[in-house]
Amino acid sequence: MDYNSKKALTYNPSLTRNIGNKALTIISALFAIISVLPLILVISYVLIKGGSYINFETLILEPEPPGDDLLSAGGIGPAITGTFIMTFIASIISIPVGVGGGIYLAEYSKSGRFAKFVRFGSNVLAGVPSIIAGVFIYAIIVSTKILFGSMFSGIAGGISLSILMLPTIIKTTDEALKLVPDNLRKAALGIGASKFTMICNVTLPAAFSSISTGIILGLARAAGETAPLIFTALFSRYYITSFDDLFYEMGSLSVLIYNFALEPYESQNQLAWAASFILVVILLSLNILSRWINRLDAFSKNKV
Amino acid sequence: MLLQVDKATTSKFLLRRRTTSEKLVDISFKNFVVTMASMVAIILFSIFAVVYYESTESISRYGLRFLFSSAWNPVTDEYGAFTAIYGTLFTSIASLLIAIPLGVGTAIFITENIIPKYIRDLIGIMVELLAAIPSVVLGLWAVFIMEPFIRPFLNMVHEIFGFIPFFGTEPLGAGMMPAILILVVMILPIITSISKDSLNQVPSNLRQAAYGIGATRWTTIFKVIIPAAISGITGGVLLALGRAMGETMAVTMIIGNSNNFSWSIFAPSYTISSMLANQFGEADGSQVSSLMYAALILMILTLMVNVFAQWIVKKLSLKYQ
């Protein structure tokens with residue numbers, strides 16, 4: 001083998017294709033940095049700027065009406081409880097419907113025409129803009145006063161959030177149950193279990209962690225939504241004190257951020273930053289929790 | 001010998017029939033899950049039905065003229081959604097054009113073995129966490145931090161290229177350009193994570209074959225890996241387009257909410273969803289019906305994009321299996 005043919009086989013950095021290759025690698029690295037940058041900026045601003053306004057009083061006080069007191073704007077206490085209450089209402093509606101629907105798709109009708117339609121429908125529902133959910137609930141619940149004559153209410157807000165949670169839950173339940181090996185089903189049915197017993201004692205427990213991941217992600221999405229709440233739950237500055245208060249306007253962290261960010265007063269803007277600190281911390285911990293459950297599950301499955 | 005077992009054992013192992021209550025539970029459970037599954041269909045249909053029903057007044061009054069008129073005057077009761085429809089389409093498509101190279105580039109970077117795996121995983125997780133930040137928080141950040149920061153740059157563009165109608169007005173705060181940028185931030189995680197998943201699913205044989213015949217890394221990516229993953233990438237891009245069109249809060253806070261039509265991307269504008277967020281609460285009479293008409297248009301737009309996305313994923317993925 002002469003020298004020239006050997007040289008042709010070694011890496012030559014000055015070749016056009018190698019230069020082009022390097023350049024594209026650098027460009028893709030730049031793109032990755034640009035993509036991560038907004039997260040770092042948003043998170044650090046929210047944590048530093050928002051965190052600096054957090055103290056005990058901010059967490060428990062009720063917000064003052066804008067412009068009333070220029071030095072202190074009160075706190076975000078009612079908004080925190082409101083977010084929790086409405087997310088809770090949303091989950092008691094959407095968990096049974098979503099998990100039930102997912103069970104139907106995966107266990108009863110794997111490829112029937114109706115199941116295909118429901119799968120397609122839940123994909124479409126996932127793509128429906130969140131503001132449309134708000135408009136829809138406004139039209140059927142708020143403007144008709146169907147809930148015992150109350151108009152804007154925490155319950156209406158919770159229902160509109162449940163529409164947004166539903167597709168996530170139904171999809172993850174369906175997919176989690178599909179991953180359960182068919183052998184388990186056959187074994188359960190073979191020893192005489194009814195389909196109900198099989199689902200409750202075998203397939204649901206096997207898919208439990210994936211389903212709960214989906215539910216947590218759905219919760220995180222619902223807790224951060226604003227658009228469906230601005231004309232269903234509206235906003236309230238007061239804590240709820242009785243069950244009846246569920247049928248009146250209810251504040252939430254996200255609507256508080258929206259309302260107070262656009263106020264001209266500095267103290268209101270600070271409350272908006274404080275509220276986004278709390279909201280981001282809640283949502284990030286829900287997301288990390290869901291990752292952790294997933295990982296724990298993968299770990300225990302590997303062991304078996 | 002074997003058959004002579006005592007009576008206690010035989011009765012223990014006799015086949016038993018399911019009791020009526022067991023059957024009842026079984027059947028009612030099935031009915032329950034069927035009902036729950038049909039809820040999805042019912043909700044979807046009723047959303048369309050309600051929005052259509054509420055907008056019939058405007059539909060019969062304006063017809064298709066609504067789409068091409070930019071009048072929005074509650075006093076004279078004259079409505080047209082051209083500005084909002086243009087704003088919705090323009091902001092979402094412009095943000096998509098910026099986000100596609102960034103998102104797909106990032107996805108390629110974190111699926112290739114350029115840097116150690118744990119750094120790539122970290123970048124992947126960070127981009128996905130970006131999706132967890134609620135849009136209202138991004139809006140807050142855009143209003144107070146991003147917009148003041150980019151305004152000098154936009155001013156520079158306006159001074160140099162001001163003769164082009166797209167940059168014709170002076171950037172004075174809220175406007176279409178900041179809205180486009182915040183939309184990029186919002187849809188980037190969708191494009192990146194879906195592209196990443198579909199790039200990861202490309203069989204490694206394809207890559208090895210390409211390397212084996214002497215292709216470089218990027219030739220392999222452009223000629224082999226991306227074509228093999230194109231169905232997933234396209235699906236992700238369309239999903240992101242749907243999300244961008246329906247995105248409300250961040251856009252409402254930063255787009256300036258003005259119904260005056262302008263070619264300039266620095267001028268305040270409207271999208272359908274920001275118009276709804278801004279006006280729906282205080283609207284009454286025929287304004288509600290016009291807003292519902294706009295909502296119906298938004299729903300049809302996002303529905304078309306979503307159905308097309310599902311169709312294209314199916315269509316393209318069959319080709320490579």
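Predicted model: local features only at pLDDT ≥ 70, side-chain atom pairs only at ≥ 80, totals over all residues.
Author: A residue is buried if 20 or more other C-beta atoms lie within 10 Å of its own.

Reader: How many residues of helix 7 of chain A are buried?

Author: In helix 7 of chain A, 23 of the 26 residues are buried, so this helix is largely enclosed by the rest of the structure. Helix 4 of chain B is mostly covered, with 21 of its 30 residues buried.

Reader: Where does helix 7 of chain A bend?

Author: The bend is at Met165(A) and amounts to about 35°. A proline, Pro167(A), follows within four residues. From its first C-alpha to its last, helix 7 of chain A (residues 154–179) reaches 37 Å, close to the 38 Å expected at 1.5 Å a residue.

Reader: Which residue marks the bend in helix 4 of chain B?

Author: Ala99(B) does, with a bend of about 35°, and Pro101(B) is the proline that follows within four residues. The end-to-end reach of helix 4 of chain B (residues 82–111) is 42 Å, close to the expected 44 Å.

Reader: What span should helix 2 of chain A have?

Author: Its 37 residues should span 54 Å at 1.5 Å a residue, and the end C-alpha atoms are 53 Å apart, which agrees. Helix 2 of chain A bends by about 25° at Val36(A), and Pro38(A) follows within four residues. Both Val36(A) and Pro38(A) are buried, as are other residues of the helix, including Phe31(A), Leu39(A) and Val42(A).

Reader: How is the packing of helix 2 of chain A with helix 6 of chain B described?

Author: Two packed helices are described by the angle between their axes and the distance between the axes. For helix 2 (residues 16–52) of chain A and helix 6 (residues 135–161) of chain B, the angle is about 85° and the axes are 11 Å apart. Angles of 65 to 115 degrees count as roughly perpendicular, and that is how helix 2 of chain A lies to helix 6 of chain B.

Reader: Which residues meet there?

Author: From helix 2 of chain A come Val42(A), Tyr45(A) and Val46(A); from helix 6 of chain B come Val137(B), Leu138(B), Trp141(B) and Ile145(B). The residues of this contact divide into 7 nonpolar, no polar and no charged.

Reader: How many residues of chain A are in contact with chain B?

Author: There are 68 in chain A, in contact with 69 residues of chain B. Helix 2 of chain A gives the largest share of chain A's side, 18 residues. That side divides into 48 nonpolar, 18 polar and 2 charged residues.

Methods. Residues numbered from 1 in each chain as written. Chains lettered and ligands numbered in written order. Axes fitted to C-alpha atoms, helices over the stretch in contact; angles between N-to-C directions. Helix = DSSP H or I, 4+ residues; strand = E, 2+ residues; numbered from the N terminus. Parallel < 35°, antiparallel > 145°, perpendicular 65-115°, else oblique. Contact = placed C-beta atoms within 7 Å. Nonpolar A, V, L, I, M, F, W, Y, C, P; charged D, E, K, R; others polar. Expected span 1.5 Å × (residues − 1). Bend = angle between axes of the 7 residues up to and from the residue. Buried ≥ 20, exposed ≤ 12 C-beta atoms within 10 Å, placed from the backbone.
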